[in-house]
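Me: Could you take a close look at one part of this model for me, the protein surface around one of the DNA strands? I'd like it walked through in one go.

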Protein chains: 2
Amino acid sequence: MSEGVEWALHTCLNLTWVEDDRAVPAAMLAAFYELPPAYLNKQLQALVRAGILTSTSGPRGGFRLARRPEEITVLDVVVAIEGPQEAFACTEILRQGPGGEPGVDYRKTCVISQTMRQAELTWRRELAGRTLADLRATVEERFPAAPGQTRRRLADARA
Amino acid sequence: MSEGVEWALHTCLNLTWVEDDRAVPAAMLAAFYELPPAYLNKQLQALVRAGILTSTSGPRGGFRLARRPEEITVLDVVVAIEGPQEAFACTEILRQGPGGEPGVDYRKTCVISQTMRQAELTWRRELAGRTLADLRATVEERFPAAPGQTRRRLADARA
DNA sequence: GATATGTTACTCGGATATTTAATGTCCGAGTCTACTGGG
DNA sequence: CCCAGTAGACTCGGACATTAAATATCCGAGTAACATATC
């Protein structure tokens, strides 16, 4: 799985602590964890395309959450970066085997495909059940200093 | 996820229908699904290293299951091909952030890491609960012709 | 007929290319800000 | 003092390198089977 998933999740979580009317530039979000700014920018673009973030150009521009943290699941972020296709991609090799027929959809009938799909479904369900609000609440409970620290670090130095 | 996982699972399942005292060469297993023989061989080597298959050189040589189908889980095969590391690799970027400390294992404390790990755990549990024997039984129930067809196709043409 | 032996063909195993995807970098288009000059 | 106009700097967005990994291939080492010759 791409490293960008980790960056995207941490960045989105950090954005939950920023006031709604303020956008944070990619450079500042990257500096937070000493990440390559241009490459993080690339990942954030994917989040914008997925409708998770909105972007603003020009001075005072940057990124902010497109909807409330309660409405953004961890799965949303993962899918935005990794793409919607499943990790196990059934290529239907049964069709090439003896008794394989062209008209059959082996992604549906193949027992192995079903097993892998089922496992991946539980994985997705798990991630779809956690929102950014859940993560934020857990962090605030365990590390009360984190929100203020994050907000201060992402605060506009020009203000 | 690597395409080799699909090949390995189908191949191992096919081997459950072969008599225990007979080994099947990689070339024959590859011909079954029209796969590139040398590359499938490479994947099978990984299964041998993982203790799932045993290999025999020379004439009448080939691969066979190292233990009974009841003792081989789908997860075993996946891990043999993909490696033991988790799909989501936490790089502990929190350490680079404000308040990050060198001594802390952020793979344990980070809420995001915990969430991803938890989801992956359910995925693994699902795959660990299915053995090759389970798959074989399901296939035999739904497609009674499959076992004979497979055994015949993998039968030694020289016999 | 049985046995020892040399030859042959077969199979795996790892070393070596090739292709694809992930990672990383750079520069231009657009936009908002802030300043400047005039009314 | 207020307002319109303009220059400037900031930010994203996508196009362009670079690196790592998956995919695919090839040839040699070892081994078991078979044929052969001998006892």
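Reply: Here a residue is near a molecule or strand if one of its heavy atoms lies within 4 Å of it. Before going in: this is a predicted model, so local features need pLDDT of at least 70 and side-chain atom pairs count only at pLDDT 80 or more, while totals for chains, interfaces and linings use all residues. Residues are numbered from 1 along each chain as its sequence is written, chains are lettered from A and ligands numbered from 1 in the order in which they are written, and side-chain values use heavy atoms, with hydrogens and water left out.

Now to DNA strand C. Of its atoms within 4 Å of the protein, 65% are sugar or phosphate and the rest belong to bases.

As for bases, Asn41(B) has a polar side-chain atom 3.3 Å from a base nitrogen of DNA strand C.

Which elements give two or more residues to this surface? They are α3 (37–49) of chain A, plus α3 (37–49), β1 (53–56) and β2 (62–65) of chain B; helices (H or I, at least four residues) and strands (E, at least two) are DSSP runs, numbered from the N terminus. α3(B) gives the most, with four residues.

How values were computed. Polar contact = N/O pair within 3.5 Å; in protein donor to acceptor, adjacent residues only side chain to side chain.
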